[in-house]
Number of protein chains: 2
Amino acid sequence: MNSVKEVGITVNKKDSFSEWYTQVVLKAGLADYSPIKGFIVLRPYGFSLWESIISILDSRFKETGHQNGYLPGLIPESLLAREKDHFEGFTPEVFWVTKAGNKNLSEKLALRPTSETLAYSIFSKWVSSYRDLPIRMNYWNTALRAEIKATKPFIRTSEFLWQEGHTVHATEQEAEKEVMLILGLYQKTIKEFLAIPTIMGFKSNKEKFVGAKYTTSLEGLMADGKALQMGTSHHLGQNFSKPFEIKYLGKDSREHFAWQTSWGVSWRLIGALIMVHGDDKGLIIPPKIAPIQVVIVPIFKDKNALIVKAKAKEILQSLKNAGLRVHLDDRDEYTSGWKFNEWEIRGVPLRINLGPKDIEKSQVELVRRDTGEKSFVNISGLKDNIILFLDKIQDQLLNRATKFLNENITRISNYDILKSMLGKKGGFFLSGWCESQICETKIKDETGADIRIIPFDGQEESESTVCIYCREPAKKMAIFAHAY
Amino acid sequence: MNSVKEVGITVNKKDSFSEWYTQVVLKAGLADYSPIKGFIVLRPYGFSLWESIISILDSRFKETGHQNGYLPGLIPESLLAREKDHFEGFTPEVFWVTKAGNKNLSEKLALRPTSETLAYSIFSKWVSSYRDLPIRMNYWNTALRAEIKATKPFIRTSEFLWQEGHTVHATEQEAEKEVMLILGLYQKTIKEFLAIPTIMGFKSNKEKFVGAKYTTSLEGLMADGKALQMGTSHHLGQNFSKPFEIKYLGKDSREHFAWQTSWGVSWRLIGALIMVHGDDKGLIIPPKIAPIQVVIVPIFKDKNALIVKAKAKEILQSLKNAGLRVHLDDRDEYTSGWKFNEWEIRGVPLRINLGPKDIEKSQVELVRRDTGEKSFVNISGLKDNIILFLDKIQDQLLNRATKFLNENITRISNYDILKSMLGKKGGFFLSGWCESQICETKIKDETGADIRIIPFDGQEESESTVCIYCREPAKKMAIFAHAY
């Protein structure tokens with residue numbers, strides 16, 4: 001354990017958000033830097049958080065009829081180039097393999113920036129009849145995109161862990177249904193487990209996935225007022241099935257090009273969780289996703305160490321038997337105060353303090369990580385109380401984040417006010433938009449804010465308002481914000 | 001479904017082993033080729049087999065105190081070069097990234113051939129005191145090594161899925177204990193779940209891992225008489241801790257270099273499973289590792305389809321409730337005969353045939369994949385019978401493989417006989433060896449056979465025999481064989 005860690009988080013979240021974030025990532029033991037800029041190493045605690053996310057999403061994908069597979073990490077340049085927009089979008093950030101051993105390769109190989117092109121060249125071999133459809137695949141892997149901008153662990157890295165879904169359908173409608181199914185599944189999971197509310201909608205044409213017909217997205221609001229794109233689900237139309245020749249013989253005995261979708265979430269979700277829930281003491285992990293839900297810290301001196309540790313082990317076992325994820329920190333080489341500090345930084349939602357006096361009274365002290373609130377609970381009813389507390393913490397985190405999101409959506413129709421507000425505070429700004437890319441680009445150039453999302457809900461409002469930039473009649477309601 | 005698949009496996013295992021293997025891989029839906037030579041795509045069935053292997057090994061790693069993490073896929077050349085033997089061993093097969101977008105990189109980056117160098121440059125930051133030890137990490141990822149020789153799905157590919165363990169210990173003995181713990185864990189798991197017996201021992205110095213102090217290995221015997229290395233566990237001594245400066249302050253207040261191990265198994269295990277257990281009809285998957293343990297094929301005509309399917313669903317549910325991995329194949333567009341064929345190719349250990357007559361008699365027909373044996377079983381006792389049958393199949397596969405291994409280990413002390421036998425048949429040949437690399441290399445050059453393993457067991461025999469090549473007194477008993 002290094003000395004930096006021992007002193008805890010040294011800046012506060014409000015004033016030094018970026019530095020606070022980095023300290024939490026490093027000191028909570030989530031990740032560490034690697035020798036190459038923009039690449040990070042996941043430590044066990046960070047990886048177990050990712051394993052939690054995998055296990056929840058993976059079971060939902062399987063329940064809804066998807067299957068897992070593996071695709072190679074290298075894609076020949078000629079394949080990547082087959083869909084023009086897609087290639088042009090990705091090529092500035094592709095890592096290229098040009099040599100194997102001392103031999104120059106005859107064709108450059110791209111490190112997977114995303115797998116549409118490779119997957120679809122393979123799928124085209126698997127599809128010949130309507131009976132082969134749908135194909136609904138998911139891949140847990142890594143993507144590599146050289147980041148030129150400032151990098152940030154989990155949020156913007158040149159390599160990231162993610163899942164990418166790729167599906168093939170007989171009809172446009174079926175593909176659309178898939179796009180919405182997945183977006184809904186993402187939103188529900190992120191809300192229910194990560195306790196993060198998001199806004200669902202479309203990306204503008206300028207911001208959509210390169211090669212897609214349209215992109216749907218979930219937009220979250222971080223504690224510093226910046227937006228974070230947390231998951232995307234794309235309708236690819238026939239934009240890829242045509243160049244990759246994914247064709248099927250229909251029931252009508254004719255050949256048709258298939259319709260496709262792709263979708264993904266990445267370890268960004270971990271970054272969002274840190275930014276949304278953390279506080280000045282460190283991480284706060286929602287109980288449903290926490291690798292450790294309850295930590296037991298026995299408080300003892302030499303003379304009563306055996307008794308206290310024995311009781312702590314008994315409690316550990318009974319809580320484990322109840323299916324809770326519990327850790328007993330009975331290390332001798334650290335003080336209780338040091339341990340309190342460590343588990344606070346690591347964001348374990350509930351702590352049990354257990355001392356000799358508590359044992360006499362058949363009680364423990366419970367400490368909530370989210371509120372700091374302490375209470376004594378009888379050991380006989382401990383399990384039920386803990387389950388109750390964990391539920392309360394989960395709810396409280398979601399409520400807090402929802403309140404923050406709602407309070408930071410501002411309806412605005414005056415461009416000068418928007419400009420001056422964007423300079424002062426973050427948040428989401430909901431305005432009318434004429435749907436022209438010229439206005440979108442000018443707003444971006446002048447304020448630094450993007451159209452983050454065109455929300456599914458509330459579009460009827462656009463009929464009675466004007467574009468915030470050109471004052472022509474609005475066609476859409478759009479949310480503008482600064483973003484990660 | 002393509003037409004090639006419909007016709008089943010078209011060659012037999014005995015006469016056309018290599019072609020048989022490829023057909024099984026493709027027709028059982030385990031994997032497919034990718035656009036780049038030497039790279040394969042895992043299809044859902046193949047990936048679920050890998051998921052089974054992951055889930056079993058992962059829980060064993062965790063039970064024995066290991067933790068998971070993630071390491072970047074790119075390693076700077078200078079880091080890879082820090083341990084000389086290691087670098088020289090890997091450099092001919094490294095894929096090099098030299099460009100990001102249009103920009104040439106100032107330093108070449110290696111695609112992870114294995115992670116010793118990267119992991120240890122990171123570990124050195126994590127270790128300062130004896131209290132930081134041991135570190136016992138595991139990484140599930142991919143490794144990339146450009147294969148120049150003929151490639152073969154799962155057995156020899158330029159990219160493979162695997163796990164790599166990396167540990168750091170305070171003492172040499174503790175590291176040795178770790179090496180043996182893992183080798184034992186591998187052997188037990190491979191025997192118990194994959195039903196494959198292996199021989200445990202040391203690699204010769206010539207064959208050990210580049211950079212290791214010594215390598216221990218598990219050697220399996222494939223049905224064509226060739227050896228396959230199925231798992232390795234290396235004692236790295238201080239060979240890496242010195243160049244990477246993994247040092248700790250001991251309880252004695254002095255600085256010490258740490259001791260290390262690394263170990264891994266890959267998707268080769270899937271290749272072994274195919275080669276060892278498969279037959280002329282296709283794959284045979286041991287029940288304990290089978291993604292689908294039981295497949296239900298309802299046999300119906302239009303008039304009784306509803307009744308038969310309903311009963312099949314009822315059985316499906318009751319077997320699922322009992323924790324069995326069951327699949328119901330009630331597709332209308334394929335005949336029963338076609339389905340029988342498909343599930344035989346895919347190696348599902350047990351099939352339930354259910355027709356209208358069976359329902360009348362409250363019975364099903366059970367068909368064993370390993371022996372083809374059929375029996376009628378009453379529905380009331382179905383679950384217990386299935387569990388019994390699956391156990392029998394698991395045992396039978398292991399017994400058959402063990403018998404084959406034992407029958408194909410030949411004790412031999414005459415080199416001319418060895419040479420002529422190696423030309424005619426495969427198998428393991430156990431002989432005395434003087435421990436000189438000269439004899440080892442000559443045998444390799446003249447017969448194509450390696451020292452596959454120096455078995456832990458039976459070394460006392462070496463005291464009373466001579467080296468099969470030079471006739472000097474033997475120092476070791478070694479197993480020679482042709483190998484994958």
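These notebook entries record what I looked up in the structure.

**Entry 1. Ground rules**

I worked on a predicted model, in which local features need pLDDT of at least 70 and side-chain atom pairs count only at pLDDT 80 or more, while totals for chains, interfaces and linings use all residues. Residues are numbered from 1 along each chain as its sequence is written, and chains are lettered from A and ligands numbered from 1 in the order in which they are written.

I took helices (H or I, at least four residues) and strands (E, at least two) as DSSP runs, numbered from the N terminus. I called two strands paired if DSSP finds at least two bridges between them. I called a residue buried if 20 or more other C-beta atoms lie within 10 Å of its own, exposed if 12 or fewer, and partly exposed in between, with C-beta atoms placed from the backbone. Two residues are in contact if their C-beta atoms, placed from the backbone, lie within 7 Å.

**Entry 2. Where the chains meet**

I began with the interface, where 47 residues of chain B are in contact with 47 residues of chain A. On the chain B side, the elements that give two or more residues include helix 3, strand 5 (95–100), strand 6 (103–111) and strand 8 (159–169). Strand 5 of chain B gives the largest share, six residues.

Strand 5 of chain A runs antiparallel to strand 5 of chain B, and five bridges join them. A:Trp96 has B:Lys99 as its bridge partner.

Within chain A, strand 5 is also joined to strand 6 by four antiparallel bridges, and A:Lys99 stands opposite A:Asn104. These two strands form a hairpin with two residues between them, and A:Gly101 in the turn has a positive phi of about 60°. Strand 6 of chain A has three further antiparallel bridges with strand 4 (residues 74–76), where A:Pro76 is the bridge partner of A:Leu109.

**Entry 3. Helix 3 of chain B**

I checked the length of this helix, residues 44–63. Its 20 residues reach 28 Å from the first C-alpha to the last, close to the 28 Å expected at 1.5 Å a residue; the expected span is 1.5 Å times one less than the number of residues. Buried residues in the helix include B:Trp50, B:Ile53 and B:Leu57. After the helix comes B:Gly65, with a positive phi near 90°.

I traced an open sheet of eleven strands in chain B, in the order 3-7-8-14-11-10-9-22-23-21-20, with mixed pairing. Strand 3 and strand 20 (409–411) are at the edges with a single partner strand each, so one side of each has no neighbour in the sheet. Strand 8 and strand 14 (residues 259–266) run antiparallel and are joined by eight bridges; there B:Gln163 stands opposite B:Val265. Helix 8 (residues 268–277) packs on the sheet, touching strand 10, strand 11 and strand 14, and its direction makes about 150° with that of strand 11. For that angle, axes are lines fitted to C-alpha atoms, for helices over the stretch in contact, and angles run from 0 to 180 degrees between N-to-C directions.

Of its 274 residues, A:Leu269, A:Ile296, B:Leu269 and B:Ile296 touch the most other members. Leaving aside neighbours within four places in sequence, B:Leu269 is in contact with B:Ile53, B:Ile190, B:Leu194 and B:Met230.

**Entry 4. Backbone exceptions**

Most residues other than glycine have a negative phi, and most peptide bonds are trans. I noted a cis peptide bond between A:Leu133 and A:Pro134, with omega about -5°, and a cis bond between B:Leu133 and B:Pro134, also with omega about -5°.

A:Ser253 has a positive phi near 65° and is exposed, with 6 other C-beta atoms within 10 Å. A:Arg471 has a positive phi of about 65° and is partly exposed, with 13 other C-beta atoms within 10 Å. A:Arg471 lies in the loop between strand 22 (450–455) and strand 23 (476–481) of chain A. Strand 22 of chain A has six of its six residues buried, so it is largely enclosed by the rest of the structure.

Methods. A nonpolar core is a set of buried Ala, Val, Leu, Ile, Met, Phe, Trp, Tyr and Cys residues joined through C-beta atoms within 7 Å.
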